[in-house]
Amino acid sequence: MLMKEYRICMPLTVEEYRIGQLYMIAKHSQEQSMKGEGVEVVRNEPCEDEEHGRGRYTEKRIHLSSRLPSWIRAVVPRIFYITERAWNFYPHTITEYTCSFLPKFIILIETKYQNNNGSSCNCLGLTDEELTQREVDFIDIATDDIPDKQYQASEDCTKFKSKKTNRGPLAEGWRDTHDPIMCSYKLVTVKFEVWGLQTRVEAFAHRAIRDILLVGHRQAFTWVDEWFGMAMDDVRDFEQRLQEETNQRVLATPSSENLSMTTASPGSTPEPSPLGPSPPMDFPRRKSSAGCGTQADAPSTSKQSDPQ
């Protein structure tokens, strides 16, 4: 098991990021989707939990067999997808990735968002044992290297300036001085308990996750003029429209099973889903410590500097 806590600062407030994240995910999923490849949305509907309150449950199938390294493609079926189940109780979310072909493979991501520059030492409430296993990795959307094939000049945060917010470009050290600023704290645990492959697969998964987080957060900021000023109903309507378009692209042969997506708006009563009368609430629940949850120096094994 390999556990890392990624901290990604953004020149936004937590409330602004809520809209920007939803917009970015919907648009990015559409751009990455092609016939037979990409993200298929299976469910998207309100949910409720005794501990976390009201939220939103989504279930997606990520079709990506042609994008895997050759050494993984050699051992997986030609038709291959990963299931993503996410429970969004903003500003706290839980996401789980599984693969039916690889029952011993699982990725768990627990996220919290705070209005600071990544200085909370334990906002996710990790236990003492988890803290000893955790590696903290700061992702800088402005200065971190990005794979050449994913670089877009229009998404370069060191060159982009928002017309609506007047934010940017972001220079070296921007996390120490920018106002506003917020941080996504993401605890990512990768498990692949197969002898001979565990270390290689877990390390590969973390490299892929880091690249995805870097690209996605760069896009959330550099697309800010597209979503800034949107209300929640506006971004939900945008999300629904793009999900329908994305499903049509991904599914070579659409079926009632694959297109069983509920698109109720927040606070409304969803129609019964073909996959069940209500969203499953069996997400992983960690035994959290109280944690400090305050701004303080965070223990880190990251090669990047820890902002003070």
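1. Glu226 and Lys27 form a salt bridge (a side-chain nitrogen of Lys or Arg within 4 Å of a carboxyl oxygen of Asp or Glu), with the closest N and O atoms 2.8 Å apart. The two residues belong to distant parts of the chain, Glu226 to helix α6 and Lys27 to helix α1, 199 residues apart. Helices (H or I, at least four residues) and strands (E, at least two) are DSSP runs, numbered from the N terminus. Glu226 is partly exposed at 37% relative accessibility, while Lys27 is buried at 15%. Buried denotes under 20% relative accessible area, exposed over 50%, and partly exposed in between (1.4 Å probe, protein chains only).

2. The model is predicted: local features need pLDDT of at least 70 and side-chain atom pairs count only at pLDDT 80 or more, whereas totals for chains, interfaces and linings use all residues. Residues are numbered from 1 along each chain as its sequence is written, and side-chain values use heavy atoms, with hydrogens and water left out.

3. On confidence, the protein averages a pLDDT (the predictor's confidence in each residue, from 0 to 100) of 83, and 78% of the residues score at least 70. Over residues 253-275 the pLDDT is below 50, and this stretch has 47 contacts in the model beyond near neighbours in sequence; a contact is defined by heavy atoms within 4.5 Å. Residues 293-308 also have pLDDT under 50, with 45 contacts beyond four places in sequence.

4. The structure holds 13 salt bridges in total. One of them joins the side chains of Arg61 and Glu40 at 3.8 Å, N to O. Arg61 lies in strand β3 (residues 53-63) and Glu40 in strand β2 (residues 38-49), 21 residues apart. Arg61 is buried, with a relative accessible area of 12%, and Glu40 is buried as well, at 1%.

5. Asp144 and Arg210 meet in a salt bridge at 3.0 Å, N to O. Asp144 is in the loop between β7 (135-139) and α4 (174-177) and Arg210 is in helix α5, so the pair ties together parts 66 residues apart in sequence. Asp144 is buried at 13% relative accessibility, and Arg210 is buried at 18%. Salt bridges that share partners also join Glu5, Arg7 and Arg134 into one network.

6. Strand β8 (residues 182-192) is largely enclosed by the rest of the structure, because 10 of its 11 residues are buried. Strands are taken as paired if DSSP finds at least two bridges between them. Strand β1 (residues 2-10) pairs with β8 in the antiparallel sense over nine bridges, with Met182 as the bridge partner of Met10. Strand β6 (residues 105-114) pairs with β8, also in the antiparallel sense, over 10 bridges; Ile106 has Lys191 as its bridge partner in β8.

7. His206 is located in helix α5 and is buried at 2% relative accessibility. A polar atom of the His206 side chain lies 3.0 Å from the backbone oxygen of Leu2. Not counting residues up to four places away in sequence, His206 touches Leu2, Met3, Lys4, Tyr6, Val188 and Val190.

Conventions:
Polar contact = N/O pair within 3.5 Å; in protein donor to acceptor, adjacent residues only side chain to side chain.
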